[in-house]
2 protein chains.
Amino acid sequence: MNYKPGLHILLGIHSENAIKLKDEAAWMLFIEEQISNFGLSQLGKVSHKFDGDAGYTAVHCLTESHISIHTWPEHNYCTCDVFLSNYQKYNNDVTKNISANIIAYFESINYELKEHIR
Amino acid sequence: MNYKPGLHILLGIHSENAIKLKDEAAWMLFIEEQISNFGLSQLGKVSHKFDGDAGYTAVHCLTESHISIHTWPEHNYCTCDVFLSNYQKYNNDVTKNISANIIAYFESINYELKEHIR
């Protein structure tokens, strides 16, 4: 039987909250609180704030896989990925809960959410 | 009009090459050569080799977005993501070319490839 690691949720989020689309530090605090609250294991992270009045990009590498974000405040938009494998425990509900919390973080009422079973 | 950042390719790769599914260092050399050859801009990276006869996980954060891999050699399997935005230039062909090169790297004849337009 083919191995199925787990659920990957791809988000495209429209947000009118320009501050949150530009504030890399606030995102890092928010997402690391999520990682901690849901008992995930962070292996490392990379983040970068683009120059000027621009967006940021960040990836958190986890034992369970990864969470990423890329923001385009000039388009009131960001993409996020939440991919958690079920290697150590079943994480599909955590993937869904973190995705919902990200949507709430950006106060978004207009978003695309794609569930990709890997 | 809604902003469309670019193409994200999600790969599920079956490979009989256990060495490449375990060799984190070889992957880092390979993918960074790809990043360089295609003129992409690396912002940072995280990688981790799991203990014992296990797999590895790596994420390269790029100006253009990110490339990630998670391997499960015990299942002859890995997942990869190649997501490049078209912010600075049109990168969809690069996304496809790097994905094809990853499949060739793992000498895979059995894989799932999903194109997700973001």
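Two strands pair if DSSP finds at least two bridges between them. The strands themselves (E, at least two residues), like the helices (H or I, at least four), are DSSP runs, numbered from the N terminus. With that settled, let me turn to the model.

This is a predicted model, in which local features need pLDDT of at least 70 and side-chain atom pairs count only at pLDDT 80 or more, while totals for chains, interfaces and linings use all residues. Residues are numbered from 1 along each chain as its sequence is written, and chains are lettered from A and ligands numbered from 1 in the order in which they are written.

I begin with the sheet of chain B. Its six strands form an open sheet in the order 2-3-4-5-1-6, with antiparallel pairing. Strand 2 (42–49) and strand 6 (110–117) of chain B each have a single partner strand and stand at the edges, so one side of each is left without a neighbour in the sheet. From one strand to the next, the twist averages 10°; here axes are lines fitted to C-alpha atoms, for helices over the stretch in contact, and angles run from 0 to 180 degrees between N-to-C directions.

Within this sheet, strand 3 (residues 56–62) and strand 4 of chain B run antiparallel and are joined by six bridges. Thr57(B), for example, stands opposite His70(B) in strand 4. Helix 2 (residues 24–37) of chain B packs on the sheet and touches strand 2, strand 3 and strand 4 of chain B, its direction making about 20° with that of strand 3. Helix 3 (residues 92–105) of chain B also packs on the sheet, touching strand 1, strand 5 and strand 6 of chain B, at about 10° to the direction of strand 1. Contact between two residues requires C-beta atoms, placed from the backbone, within 7 Å.

How many residues of strand 5 of chain B are buried? Nine of the nine residues in 77–85 are, where buried requires 20 or more other C-beta atoms within 10 Å of a residue's own, exposed 12 or fewer, and partly exposed lies in between, with C-beta atoms placed from the backbone. Tyr77(B), Thr79(B), Asp81(B), Phe83(B) and Ser85(B) point one way from the strand, and Cys78(B), Cys80(B), Val82(B) and Leu84(B) the other. In a regular strand the side chains alternate between the two faces of the sheet.

Strand 5 of chain B has antiparallel neighbours: nine bridges join strand 1 (residues 6–14) of chain B to strand 5, and eight join strand 4 (residues 65–72) of chain B to strand 5. Leu11(B) stands opposite Cys80(B), and Ser65(B) has Leu84(B) as its bridge partner. The hairpin of strands 4 and 5 of chain B has four residues between the strands, and there Asn76(B) takes a positive phi near 50°.

After the helix comes Glu107(A), with a positive phi near 50°.

Finally, the interface: 24 residues of chain A are in contact with 24 residues of chain B.
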